[in-house]
Amino acid sequence: MFSPLPMKQISIKVLNEDLPGASVILAGLNNFSPDNRPYAENALTEIPGQHFREQYNQAKSRLDKISALVSYTPTPFDGEVTTITEAELEQANQWLGEAWETCSDFEERQRRLTEESRNISQLETSLANFSNLDVDLGQLQQDQPFLESSIGVVSSNRVEQLKDAIGLDGYLLFPFLQSEKESHVLIIGAKRTEHSKLKSVLDTAGFRPLDIPPELHTEPETAKSRLAERHAAVDENSQQLNLEIVAWRANALQGLEQAAQTLHLAVPYVALGEAARKSGKLARLQGWVPAEDMAQVEEALQQKLPNAFVLESRDPLPEERAIVPSVMRHSRLFKPFSSLVMQYGVPRYGEVNPTHLFALTYILMFGMMFGDVGHGAVILGAALIWRRKLGSFTPFGVAAGISSMVFGLLYGSIFGFEHLFHAWWIAPLSDPLYMLTVALLWGIGFIVISSLLNIINHLVQGDRLGALFGDNGLLSLLLYSGMLGSGYSLYAEGSVGGFWATLAILTLIGIFAHKLIEQEASIGERILVAFIETFETITGYASNTLSFLRVAAFSLNHVALAIAVFTLAGMMGDTGHWITVVLGNVFILVLEGLIVAIQVLRLEFYEGFSRFYAGDGKAFKPLTLS
Amino acid sequence: MNSQRDQAYLKTRVGIYASRLLSAEDIRILKQMSLHQLGERFDLLPIFEQEIEIRQKSGLVEHQLLQQLMNELKVLLRPLSGRSRGLILYWPRKYELYNLKTLIQGKWNNLGIQEIRHNLYALPENIRLPHEALLQAENVQEMLRQLERGPYSQIASQARTIYEEQHENFSLGAAIDRLYYTGMLAQANITDCSDKRGLKKAIGCMVDRQNILWLMRYRLVYQFAPSEVYYLLIPYGGQIQRDKLMELANVEGLDTIIEQLPDPFHSLLAGSANITDARQRLDFWVSDELRKLMLGSRDGVVAALCYLISRDTDIWRLYAIIQGKLLGMTNELLDEAVSGIKGSSSSEEAA
């Protein structure tokens with residue numbers, strides 16, 4: 001419950017021919033994660049299924065491309081689970097290859113039509129630009145005895161350089177319509193008797209000539225209507241193409257479904273990757289299974305594998321901890337909190353799973369910062385009403401609402417009304433200093449627990465040095481105690497207590513010395529890094545502790561906002577009063593509620609998790625058929 | 001990156017890394033070393049001892065050396081944020097562009113997926129093209145269609161023109177290189193680095209080197225017209241600007257080009273026998289200039305950029321030596337191989 005499930009490393013020896021079947025059986029169980037490390041035994045050198053994987057990758061890529069082009073979504077798999085042979089996969093790949101050939105042709109035609117449409121649009125823009133001049137565009141493109149000219153489009157950021165470049169050959173360039181990306185340019189120069197150098201420069205510059213067809217070599221108005229006709233023709237061709245695609249889709253649908261199902265069933269064997277090895281007729285696959293599921297795995301293999309097999313299992317070795325996947329199974333109530341924890345990272349195998357601690361402290365802090373019976377009830381009600389939309393996050397809303405209601409009772413607040421009933425504990429604004437002290441003590445407790453969890457995590461991983469000297473290790477915790485003790489002595493007695501000061505200084509020296517030794521660099525860099533990191537340890541503890549003052553600050557802020565709402569309401573008439581109160585409460589609920597939710601998450605992640613939770617574990621990714 | 005602490009960290013890191021840079025004497029010594037000695041010094045022995053083909057060994061060495069460079073890049077990126085980070089992250093994009101060119105040419109020449117994949121650089125996630133999707137494209141047109149939907153649409157449409165009209169593909173390489181350098185200049189213009197002059201000088205050195213070599217190659221080897229040569233150059237060099245480039249684009253013959261170059265290039269390249277010789281001299285000049293800038297700049301970002309470029313050059317020199325040794329080349333041939341490094345130069349040279 002407080003750490004990922006115990007795991008077993010399993011090895012299954014089967015006949016080569018049974019390997020795909022074994023992968024499908026394991027995928028059906030949803031609890032086998034392949035272990036892709038190189039094998040220790042030299043006897044099993046070959047990786048089976050390489051050709052199968054290549055075929056799969058190609059086929060999958062083809063199916064994805066086709067799906068995107070023809071808007072096809074495979075229907076969820078609900079057929080009989082069978083093993084896919086290499087021949088079946090090859091057949092599906094070949095069919096998809098032929099299908100993609102047709103689709104690729106559709107795509108290319110689509111591209112050409114888009115390109116043509118764009119060219120026509122550019123011609124229309126050019127025409128619009130020239131319409132004021134009322135010149136015959138054809139004149140610019142006709143073969144002139146002494147003049148060479150071109151109209152076209154180039155990338156805007158290259159216009160100046162192109163102008164300079166063709167200037168070297170005596171040509172002039174006039175940009176006449178510029179946008180951020182592209183510019184329409186007119187190029188004119190004296191006609192050369194020798195071979196023109198202009199074309200090769202323009203080709204290099206990616207110049208796209210606006211090839212004005214002969215029928216448009218006419219007055220702008222006539223040209224405009226002809227362009228519109230061309231546009232209409234392109235649109236018609238596009239529609240025709242779309243109809244062809246739709247017709248093709250209808251014909252190919254059955255084939256696509258079949259190919260999709262084949263690929264779906266091929267996934268487990270593909271996903272085995274290098275976790276399987278073979279030599280001769282024997283193959284072996286290795287992976288990780290939760291210890292509690294071992295019996296289920298053995299039973300399934302015995303029932304469904306046609307030939308004999310050997311299943312071996314063992315506990316993970318200490319040096320394997322970093323690569324053992326972490327499995328966490330939570331009850332429905334903790335699912336949303338687990339999802340939030342996963343946003344930070346996956347716990348390492350053996351590391352404390354902070355989900356329960358996170359759930360408890362998150363809900364407590366949220367309630368403390370947003371304590372109001374009415375607002376809590378609204379959150380609770382909203383979570384219950386929209387439970388379908390919220391899905392697995394419903395318990396999160398329910399818990400936050402209840403916590404807010406409980407603290408509302410403790411604070412004596414309902415929809416911002418502070419005098420409707422007496423506070424069971426304290427009205428925050430009646431003694432802000434007390435509230436800040438409570439928040440500070442809460443923060444100290446939170447940081448101490450986080451540091452202790454960090455020490456436990458290091459010890460579980462067998463890292464005694466880390467537990468003692470590492471960041472937030474025992475020495476850091478003692479340093480923190482020394483700092484707190486010194487601070488309290490100074491506050492209560494007016495002088496820094498000798499014991500606490502000595503403790504702080506000694507631990508500081510210990511941390512600095514360790515950081516100095518652990519660096520692998522020149523002495524100058526070691527001192528620099530050790531100094532910076534030790535300094536960061538001190539400032540980190542101080543600033544993190546003070547961060548928790550926001551727990552009290554928000555509880556005060558909540559009341560202050562309510563006062564502001566009621567002050568505004570007091571300035572309105574009878575109707576205005578209640579409208580302001582309602583709108584003010586909505587404002588508090590939405591805006592402040594959101595801010596508090598984010599602030600608590602920040603405190604959890606930054607002040608808490610960063611102290612003890614590496615979160616760099618390996619997520620459990622089982623073979624699956626879904 | 002404004003904090004003094006980050007500056008101190010970055011400069012200290014660059015200072016430590018700078019001791020790894022190779023001097024001309026180091027290169028001379030490395031050329032004399034046996035493959036075993038090189039393997040011991042650069043942790044490559046496990047690769048040399050594997051019983052695989054020379055081509056595979058060479059590929060693994062290249063991968064490992066590049067990995068070293070990327071690891072150092074990661075360390076230097078640590079204290080950086082915002083635009084400074086963007087600038088330093090832009091620099092290794094040249095490898096992404098090499099890959100782009102390899103992908104286009106691979107599909108162009110109907111090479112198999114494995115063959116093309118083998119020639120791609122393994123790059124960190126954030127500067128990597130969607131290789132797998134591009135590799136799975138069944139032909140050039142399909143790959144170009146995919147590229148046209150992304151940030152390389154301009155390159156893709158140029159490649160399409162070349163493909164459909166069967167032109168020489170030099171302009172594609174030039175377009176890719178130009179895209180890289182102009183992007184680098186754009187990054188330098190917006191960065192919050194405190195030593196912009198130093199930064200522009202560093203980039204200017206690379207652009208000048210590139211422009212001179214392109215100028216020579218296009219004029220002397222491809223015999224392009226002045227207008228075409230000028231168009232292919234980058235008019236924002238360090239010491240050779242637009243007007244001078246226009247003037248140079250009209251010049252003919254290697255000696256005349258060198259004569260017309262401003263100093264220091266005029267004296268640096270005086271007496272160069274050919275373009276390879278000129279390139280070697282320019283490479284050493286760029287290395288020297290960047291190392292001076294690395295030590296002299298008050299800004300850690302400039303120092304880091306100069307270090308990375310210099311280290312890159314060194315790594316490819318080292319790779320050339322190792323490759324030469326793997327192929328059993330003589331020392332004379334090795335000299336040429338070392339001069340033909342690709343790390344500091346354009347993708348055109350890399351492919």
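**Entry 1: a tyrosine in chain B**

I began with B:Tyr181, which is buried, at a relative accessible area of 3% (buried is under 20%, exposed is over 50% and partly exposed is in between, using a 1.4 Å probe and protein chains only). I was looking at a predicted model, where local features need pLDDT of at least 70, side-chain atom pairs count only at pLDDT 80 or more, and totals for chains, interfaces and linings use all residues. For my own bookkeeping, residues are numbered from 1 along each chain as its sequence is written, chains are lettered from A and ligands numbered from 1 in the order in which they are written, and side-chain values use heavy atoms, with hydrogens and water left out.

I found B:Tyr181 in helix H12 of chain B, residues 170–190 (helices are DSSP runs of H or I with at least four residues, strands are runs of E with at least two, and both are numbered from the N terminus). Which residue does the side chain of B:Tyr181 join by a polar contact? It is B:Gln210, at 3.3 Å (a polar contact is a pair of N or O atoms within 3.5 Å; within protein, one must be able to donate a hydrogen and the other to accept it, and residues adjacent in sequence count only if both atoms are side-chain atoms). I also noted that B:Tyr181 and B:Gln210 are 29 residues apart in sequence and 9.6 Å apart from C-alpha to C-alpha.

I looked up chain B and found 21 helices and zero strands. Of its 351 residues, 56% are buried. Chain A has 20 helices and 11 strands, and 46% of its 626 residues count as buried.

**Entry 2: where the chains meet**

I counted 33 residues from chain A and 38 residues from chain B in the contact (contact means heavy atoms within 4.5 Å). Together the two chains bury about 3,000 Å², with 49% of it on carbon and sulfur atoms (buried area is the accessible area, with a 1.4 Å probe, that two parts lose on being put together, summed over both). On the chain A side, A:Gln161, A:Leu168 and A:Thr204 lose the most area to chain B, together 21% of what that side buries.

**Entry 3: two helices in chain A**

Next I checked H18 (residues 523–547) and H20 (residues 574–612) of chain A, which pack at an angle of about 145° with axes 11 Å apart (axes are lines fitted to C-alpha atoms, for helices over the stretch in contact, and angles run from 0 to 180 degrees between N-to-C directions). From H18(A), A:Gly540, A:Tyr541, A:Asn544 and A:Ser547 meet residues of H20(A) including A:Arg602 and A:Glu607.

I followed A:Glu607 of helix H20. Is A:Glu607 buried or exposed? A:Glu607 counts as buried because its relative accessibility is 0%. Its side chain makes a polar contact of 2.8 Å with that of A:Arg602. Beyond neighbours within four places in sequence, A:Glu607 is in contact with residues including A:Phe446, A:Ser450 and A:Phe548.

**Entry 4: a leucine in H14**

Last, I looked up A:Leu440, in helix H14 (residues 432–460) of chain A. A:Leu440 is partly exposed, as its relative accessible area is 28%. Leaving aside neighbours within four places in sequence, A:Leu440 is in contact with A:Thr545, A:Leu546 and A:Leu549. A:Leu440 and A:Thr545 are 105 residues apart in sequence, and their C-alpha atoms are 6.7 Å apart in space.
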